[in-house]
Amino acid sequence: MSGTANTRGDLTIGLLPSAGLSPVEWRVSDGLIGYDHALAAMAARAAAIAHGEAAELVWLLEHPALYTAGTSARPEELIEARFPVHRVGRGGQFTYHGPGQRVGYLMLDLKHRAPDVRRFVATLEEWIIRTLGAFNVRGERRGDRVGVWVRRPDKGYGFEDKIAAIGVRVQRWVTLHGFALNIEPDLSHFGGIVPCGVADRRYGVTSLAELGCTAAMSDVDMALRAKFTPLFGAALEAQTLRSTENISSPRRSAISSEVASR
């Protein structure tokens, strides 16, 4: 399968920077990064960006097995707490993170791009859709379900599975959080939650591996980088971080916030 489909109308795609903005830094962490550590580092970096003290950043990583609950999560959507549950300020409901899933956190300054959260979310989706296309997987967006979906006629008429979840927050027009793309995670771990609040049995979760794609994490990282520039602009050469390294220098933390989309 290849190509894309846009089923959410009236969208503006693309979020190129204003003239003179420095290229985005690009970091890839090896190993598994603890969730609380990632949140603290991300918040500190976003605050530094808002104060003009740091460049924008894309951070690619993996987490150990855990669940996160966004601002719209409901208690009944946590079926079984098999792993630690983290309540966070991003939009959305419950989701799962774990090994074999590429998580991407974006800290971008929308004041120097476009102060439009809906456009940012649509461009994130488009980035994932184009990345999947590099592996002959057709990802699509849906008007009533944020994220990227794959049609599953093999499961029955109207069946679709989510392959990438998106949840974001904006503070002082700097973005936090981002996406989680399923490459080869243990899909049974999603059974402890109602993923993203979607309970309809026609809509499940999938991964590149389940779809028969044998791409390695490094292959997906290369595709993500190639598809990033046309949508978001230039990025610096990728830097690999050991799991003990931080993405931020000590900065004052953000104090005002504005919860965005999911």
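## The largest cavity

Eight nonpolar, three polar and one charged residue make up the lining of the largest cavity. Please keep in mind that this is a predicted model. The structure holds one cavity of 30 Å³ or more, and the largest cavity contains about 50 Å³ of space.

Which residues line the largest cavity? They are Thr95, Gln101, Lys162, Ile163, Ala164, Ala165, Ala180, Asn182, Phe190, Pro195, Cys196 and Val205. Strand β10 gives the most to this lining, with four residues, while β10 (160–171) and β11 (174–182) each supply at least two.

## The second largest pocket

Next comes an open space. The second largest pocket holds about 150 Å³, and its lining divides into nine nonpolar, one polar and two charged residues. Among the lining residues are Trp149, Lys162, Phe190, Ile193, Asp200 and Tyr203.

Which strand gives the most to the lining of this pocket? That is β12 (residues 203–205), with three residues.

## A sheet of three strands

Now let us turn to a sheet. Three strands form an open sheet in the order β5-β4-β6, with mixed pairing. Because β5 (85–87) and β6 (94–97) stand at the edges with a single partner strand each, one side of each has no neighbour in the sheet. From one strand to the next, the twist averages 25°.

Strand β4 (residues 66–69) pairs with β5 in the parallel sense over three bridges. Here, threonine 68 has histidine 86 in β5 as its bridge partner.

How values were computed:
Residues are numbered from 1 along each chain as its sequence is written. This is a predicted model: local features need pLDDT of at least 70, side-chain atom pairs count only at pLDDT 80 or more; totals for chains, interfaces and linings use all residues. Side-chain values use heavy atoms; hydrogens and water are left out. On a 1 Å grid over the protein atoms alone, a cavity is a set of points where a 1.4 Å probe fits but cannot get out, and a pocket is an open set with protein on both sides within 12 Å along at least five of seven lines; lining residues have an atom within 4 Å of a point. Grid points are joined across faces, edges and corners, and a volume is the space filled by probe spheres set on the points. Ala, Val, Leu, Ile, Met, Phe, Trp, Tyr, Cys and Pro count as nonpolar, Asp, Glu, Lys and Arg as charged, and the others, Gly among them, as polar. Two strands pair if DSSP finds at least two bridges between them. Axes are lines fitted to C-alpha atoms, for helices over the stretch in contact, and angles run from 0 to 180 degrees between N-to-C directions.
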